[in-house]
Amino acid sequence: MFAATVDVAHPPETMFRYLVDPRNRPEWQSSLLSVKLHDRGEPRVGTTWRDNTLAGVRPQMEITVLEPFRVFEEVGTWRGIRARLEMRFTAHGKGCRIDVTGEVQGTGIWAAPARVAARLAPRATRHDLLRAGAVLTRRPR
């Protein structure tokens, strides 16, 4: 298990809409080169896509929980690794707080890489969410 908390200067509605859309991910997720969506339309429970990462990992991703402006959860699988990430959004001052929890599990030869990924996840998550906030700050209103 891992956890991280980030405060950003944008309201929950703005951050939620931006973060849950896989098409936006290469813009703010530092490890990501591109995504290949398998579904059309707005993000919803069951939306799937494939990430293409700098490390060559290409997990299959799926939205499993989508409660507008409050909770988002996704699950990713790649070879012997399964990861789950949940984001909870709450108003905080003029912006919002994003509380992230997750887990990375690996089986067989994938157990050790999964443990390493779980140890790196809190710092990477904080960095990427702050980056998402900065992207939105730079956008014209």
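Predicted model: local features only at pLDDT ≥ 70, side-chain atom pairs only at ≥ 80, totals over all residues.
Local features need pLDDT of at least 70, side-chain atom pairs count only at pLDDT 80 or more, and totals for chains, interfaces and linings use all residues. Residues are numbered from 1 along each chain as its sequence is written, and side-chain values use heavy atoms, leaving out hydrogens and water.

**View 1. The open sheet.** Seven antiparallel strands line up as E1-E7-E6-E5-E4-E3-E2 (strands are DSSP runs of E with at least two residues, helices runs of H or I with at least four, both numbered from the N terminus; strands pair if DSSP finds at least two bridges between them). Strands E1 (2-8) and E2 (32-37) are at the edges with a single partner strand each, so one side of each has no neighbour in the sheet.

**View 2. Strands E4 and E5.** Here E4 (residues 60-67) and E5 (residues 71-78) run antiparallel, joined by seven bridges. Look for Leu-66, whose bridge partner in E5 is Phe-72.

**View 3. Where helix H1 meets helix H3.** The two helices pack at an angle of about 110°, their axes 11 Å apart (axes are lines fitted to C-alpha atoms, for helices over the stretch in contact, with angles from 0 to 180 degrees between N-to-C directions). H1 and H3 are therefore roughly perpendicular, a term for angles of 65 to 115 degrees. On the H1 side, the contact (heavy atoms within 4.5 Å) is made by Thr-14, Met-15, Tyr-18 and Leu-19. H3 brings Leu-129, Ala-132, Gly-133, Val-135 and Leu-136.

Technical notes. Parallel < 35°, antiparallel > 145°, perpendicular 65-115°, else oblique.
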